[in-house]
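Here are my notes for a colleague who is meeting this structure for the first time. Please read them with the model open.

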Amino acid sequence: MAYFFLVRSFGEVPIVHNNTESLNAGDYNTYTKVQRDDVYEYICLTLEEAIKLLPEDNGQGRINKWSAKALLAKTYLTRAGVKGELNAEYLNKAAEIAKDVIDNSGIQLEANYQDVFLLKNRFNKECLLAWRWTAEGEQWTRQNSLQSDFGLNGIDEQGATWGDWNGVGVDLQLAFGVDLLGSPSQWLDNPDTRLKATMMLPGFKYDHLWQDKGGFDYLAAMHDGSLANSGLSSSTGANFYKHIYGDGYDHLQGAGVSDGRMANSLHTPLLRLSDIYLVYAEAKMLAANPGAGVNATSTDASVIDAFYAVRHRAVKSAIKPSSVSFMDIWKERRLELALEGDRWYDFVRVSYYDPNFTINELNSQHRNNYWGLQDVYKHYYETGEWVISESSAGYDETATAPNVRAMMKKDDGGSKEYFFIPFPTEDVVFNPALGSDVNGDHVDVRATYSY
């Protein structure tokens, strides 16, 4: 999983097969970068070994062979485009392995989307791979501190939350069908249950937050003095729900232990079964016609079933479609995995074989803020009336599109540009072979490394 993050973030990276051996030798500054496809091969090699060694079920909340298989399926889907054109062999492997996880792991989707992220349900098996934190004890790094970054100031008693300003982006709101300059019915009557389980919007109430106070009312709490800051602080009009556990009473009820300052036991999902359903649908679709890329569609019943399993859990009124397109899956991934740190890596994956598609989508995003919503929210709280006019509130249209092409490079191992992040200067100073202008070496992974 570490290498999966590394190669998708930095592109070509060194392979350190034996950390202890390298530390003892002191040769860390002699490593050279390895081509991306070879890094993916190393990930596959490692996961194949993990599948042999890991048990079927390792106990509550622990990784098992299905965790490794799921990650292997996602790796093959990502790897399929790394040479600039989609590789049907890798797509078929991704679909085959994902289908094995779906059909034979015994793991099922949680019935309700929100339940995946509840503190009391932190050991749910839909999370094939997750960081399992604990606030118990005083050891730093074993605890979850995300509520401090994303939570409203005063949502707990620790005095260490500063997420009021950290709003959920307007572009994601629009993807859910929510325009805060329109009617509240867009979010209050929204059929997608993932919306409320992702972000807080005016009118949303949460029974499992502030249980000792009768529940948490987002609009009321920011205006009745319950929170440290009065009124709306988020410039996008929405705040995080995911990664929030509530107050000390909520934590004790959910985890059986007390929370602490910047310390809670809420899990952080890294790989979920719903992701693997969508990996299967996408891989199976693209394998049938790799050249179609982002224009692919499928009437394959298994593709439709996998897509619909995810869609129908979130939208109970959803009707099973007769066909599914790449764009259907692309959007579904965004809504299903919102605020879970996966969206950027979807852009990286598709940039391997269709950089223009990713550039165009990023350039068209609504990346700026609303103005005037503070007074609209206060009026809504006081009167129950949602009043928007051109003079009272609006969206700031002045934001310029980012130069996303500046975040792309082309190396010897691929035929197209792809997204990457340069290595930190400190690393390059000690090892110039990690510089952005240095291409990776080809390595015969299976001949070079063994377990």
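Which residues in α5 meet which residues in α11? The points below start there. Keep in mind that this is a predicted model.

1. **The contact of α5 with α11.** From α5 come A88, L91, N92, A94, A95, A98, K99, V101 and I102. They meet L273, I276, Y277, V279, Y280, A283, K284, L286 and A287 in α11. By class, this contact has 15 nonpolar residues, one polar residue and two charged ones.

2. **Geometry of that pair.** Two packed helices are described by the angle between their axes and the distance between the axes. Helix α5 covers residues 88-104. The axes of α5 and α11 come within 8 Å. They cross at roughly 145°. The crossing of α5 and α11 is left-handed.

3. **Helix α12.** This helix has 14 residues, 301-314. From its first C-alpha to its last, α12 reaches 20 Å, close to the 20 Å expected at 1.5 Å a residue. There is also a kink in α12 of about 30°, centred on Y308. Check that spot when you trace the helix.

4. **The buried residues of α12.** Y308 is itself one of the buried residues in α12. What do the buried residues of α12 pack against? Their partners are β6 (268-272), α11 (273-288), β7 (297-298), β8 (324-325) and α13 (326-336).

5. **Y218.** This residue sits in helix α9, residues 218-221. Is Y218 buried or exposed? Y218 counts as buried because its relative accessibility is 0%. Leaving out residues up to four places away in sequence, Y218 touches L152, M200, L201, P202, F204, L232, G237, A238, N239 and Y377. One of these, L232, is 14 residues from Y218 along the chain. The C-alpha atoms of Y218 and L232 are separated by 9.9 Å.

6. **W210.** Phi of W210 is near 55°, a positive value in a residue other than glycine. W210 lies in the loop between β3 (205-206) and β4 (216-217). Its relative accessible area is 4%, so W210 is buried.

7. **M262.** M262 is not a glycine, yet its phi is positive, about 55°. The loop that holds M262 runs between α10 (248-255) and β6. M262 has a relative accessible area of 23%, so it counts as partly exposed.

Technical notes: Residues numbered from 1 in each chain as written. Predicted model: local features only at pLDDT ≥ 70, side-chain atom pairs only at ≥ 80, totals over all residues. Heavy atoms only, no water. Helix = DSSP H or I, 4+ residues; strand = E, 2+ residues; numbered from the N terminus. Expected span 1.5 Å × (residues − 1). Bend = angle between axes of the 7 residues up to and from the residue. Buried < 20%, exposed > 50% of the residue type's maximum accessible area, 1.4 Å probe, protein only. Contact = heavy atoms within 4.5 Å. Axes fitted to C-alpha atoms, helices over the stretch in contact; angles between N-to-C directions. Left-handed = near helix turned anticlockwise from the far one by under 90°. Nonpolar A, V, L, I, M, F, W, Y, C, P; charged D, E, K, R; others polar.
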